[in-house]
Amino acid sequence: MKPSLPQGTRDFSPTELRRRQYILGTLRQIFECYGFQPLETPALEQLSTLMGKYGEEGDRLIFKVLNNGLHTSKKKDELNEEWARLLESPYSTPAITERALRYDLTIPFARYVVMHQHELAFPFKRYQMQPVWRADRPQRGRYREFWQCDCDVVGSTSLLQEAELLCIYQSAFEALGIPGVHIKLNSRKLLAALAEACGAADKMMDITIALDKLDKIGWTGVQEELMRMNISESGIVVIGNIIHIKGSPDELLAQYEQHLGHFETGRQGIDELRSTLSYHSVLAESSWHPQLKLDISLARGLNYYTGVIMEVTTDAVKMGSIGGGGRYDDLTGLFGVKGLSGVGISFGIDRIYDVLDELGLFPESLGSGVDCILLNFGNADEQYALSILKSLRAAGISAELYPEAAKFDKQMKYANKRAIPFVILAGESERKNGMLSLKDMHIGEQKLLSLSDAISFLTTNKS
RNA sequence: GAGGCUGUAGCUCAGUUGGUUAGAGCGUCGGAUUGUGGUUCCGAAGGUCGUGGGUUCGAGACCCAUCUGCCUCCCCA
């Protein structure tokens, strides 16, 4: 048979995986630096844990797992009935499926917090980097299996959390060296006030979705969408006035206050953004390049966000967002625990990979993973090489010996292809003098060294 | 969930209105070269033309189905 992969899934070659690990490692270091702790949850969750948490569209995209042993079931009639219903319409039933693949990392996190609430110290700060699955149609930058990398705080309403998450975003994209990064900031409360201001408080979701397309379809396109949603003409004018305000974040907030400050939610949203920015200005390094931008047209898809929301894009590459997040006031409420507020951000590492790849921003030193290779000259020389190999490894230098006394140029070509930075030649003449020849494959230079000199050289020069 | 495009060697692609034995470059392997890679020269291997049906004297090419990749909508990371 001819092997193939399921749609929308990928293998990761050694080079790709090193690069992915470079991204994850960079992020992990930052998360740890900000006091977040690692967490992993199972690939499988109870379907009931996931259903209804991501909206109608989300439910459709959850990968469901067929129950085992259906053929041994005693309730054939019930199964047939349920199966018939399932063939008619989107429907799921525990009789046929009661487990599903994780759709994101936030809901499993909420589930975890609820199940372990008595052993956790709140505020609980965790990061999680694992694959998630969606039965979506694959496209460029969109996969059925992809990784999410989340960092959330639960159990604190302080806007210091929002400010710290903004810092994490900035410092992460600074460390990865991605140019043209913008972190857009908005508040669900501002959007709610906006809906109120145009007399359609109940249509906040619709307005938000239309507004989110501003970048894509322009103001005229958004106007058409709004009209289709039966937003009044005066309402559309109000929205138009507000989204066209320009200026620094402080200026924008002052303007928004004029327009929306008399609504309770509007005032709250503005105050929250002000506090967030004020904490942030104290914490942030002035050298960070990623720019903060207030953008009232930013929506964010998930319907559990309630406060500040954020999204990261880069204008260096044509690509959707590479990160996003926000505050969700009552996430664990879905699982029966009220009053725990959460706020978190997510990194789209598959897309970040594509951006780094496209811009050639991966460090060259990710290389082969091994510092040096010993060529094999056979017999007594092989024995000599083995003793060197052992010493190198004991000194913490990663090393390998070519396994056969193959022809010289074959061994060299192998080293070259693997991009191993150093080659050690220890043949008859070296062995008789108790020395070794160390060749730097980048510059092509070779020198005769004692083992201890070689070790200290490699220790300082290895990648 | 809706609509559209695509698939030929490991990779990137040629292949005329349907007509003998399907080609190139790169890569791979062997040799020039048994202690020196990245350059060069010579040679070789590698294809049930995505898969399954159909039309035809004859299909890589045309038709249908299916799978994959990609694009638009929807939605999202």
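This is a predicted model: local features need pLDDT of at least 70, side-chain atom pairs count only at pLDDT 80 or more; totals for chains, interfaces and linings use all residues.
## Two domains

Start with the big picture. Chain A is split into domain 1, made of residues 14-39 plus 105-359, and domain 2, which covers 368-460. Taken over C-alpha atoms, the centres of domain 1 and domain 2 are 51 Å apart.

In soluble globular proteins, nonpolar side chains tend to be buried together. Here the largest nonpolar core counts 101 residues, and Ile 23, Ile 168, Tyr 256 and Phe 347 have the most contacts inside it. Which helix gives the most to this core? That is helix α6, spanning residues 160-176, with eight residues.

Setting aside residues up to four places away in sequence, Ile 23 touches Leu 176, Ile 349, Ile 352, Tyr 353, Leu 356 and Phe 362.

There is also a second, separate core, with 19 residues, including Leu 374, Leu 401, Phe 422 and Ile 424.

## The eight-stranded sheet

Now for an open sheet of eight strands. Follow the order β1-β5-β6-β11-β10-β9-β7-β8, and you will find that the pairing is mixed. The edge strands are β1 (37-38) and β8 (291-294), each of which pairs on one side only.

On one hand, β11 (residues 342-348) pairs with β10 (residues 323-328) in the antiparallel sense, over six bridges. On the other hand, β6 and β11 are also antiparallel, and they share seven bridges.

Here are some residues that stand opposite each other in these pairings:

| Residue | Opposite residue in β11 |
|---|---|
| Gly 323 | Phe 347 |
| Gly 324 | Ser 346 |
| Cys 151 | Ile 345 |

Helix α5 (residues 106-115) touches β5 (124-133), β6 (145-154) and β10, and its direction makes about 135° with that of β5. Helix α13 (residues 349-358) lies across β6, β9 (308-314) and β11, and runs at about 40° to β11.

## Gln 130, a residue in β5

Let's zoom in on strand β5, where Gln 130 is found. Is Gln 130 buried or exposed? Its relative accessible area is 8%, and a residue counts as buried under 20%, so Gln 130 is buried. The side chain of Gln 130 makes a polar contact with the side chain of Gln 128, at 2.9 Å. Not counting residues up to four places away in sequence, Gln 130 touches Leu 39, Glu 40, Thr 41, Arg 102, Leu 105, Phe 146, Trp 147 and Gln 148.

## The three-stranded sheet

Another open sheet has three strands, in the order β2-β4-β3, and its pairing is antiparallel. At the edges stand β2 (44-46) and β3 (64-65), each with a single partner strand, so one side of each has no neighbour in the sheet. Strand β2 and strand β4 (residues 99-101) run antiparallel and are joined by three bridges.

Gln 46 sits in strand β2, and its bridge partner in β4 is Arg 99. Beyond residues up to four places away in sequence, Gln 46 touches Glu 98 and Arg 99. How exposed is Gln 46? With 44% relative accessibility, Gln 46 counts as partly exposed. The C-alpha atoms of Gln 46 and Lys 64 are separated by 9.7 Å, and these residues are 18 residues apart along the chain.

## Leu 425, a residue in β14

One last stop is Leu 425, which lies in strand β14 (residues 422-425). Leu 425 is buried, with a relative accessible area of 9%. Which residues does Leu 425 contact, leaving aside neighbours within four places in sequence? They are Leu 375, Phe 377, Phe 408, Glu 430, Leu 436, Ser 437, Lys 439 and Gln 446. Look at Ser 437 in particular: it is 12 residues from Leu 425 along the chain, and their C-alpha atoms are separated by 4.9 Å.

Conventions: Residues are numbered from 1 along each chain as its sequence is written. Chains are lettered from A and ligands numbered from 1 in the order in which they are written. Side-chain values use heavy atoms; hydrogens and water are left out. A nonpolar core is a set of buried Ala, Val, Leu, Ile, Met, Phe, Trp, Tyr and Cys residues joined through side-chain atoms within 4.5 Å. Buried means under 20% relative accessible area, exposed over 50%, partly exposed in between (1.4 Å probe, protein chains only). Helices (H or I, at least four residues) and strands (E, at least two) are DSSP runs, numbered from the N terminus. Contact means heavy atoms within 4.5 Å. Two strands pair if DSSP finds at least two bridges between them. Axes are lines fitted to C-alpha atoms, for helices over the stretch in contact, and angles run from 0 to 180 degrees between N-to-C directions. Domain bounds come from an automatic or database domain assignment. A polar contact is a pair of N or O atoms within 3.5 Å; within protein, one must be able to donate a hydrogen and the other to accept it, and residues adjacent in sequence count only if both atoms are side-chain atoms.
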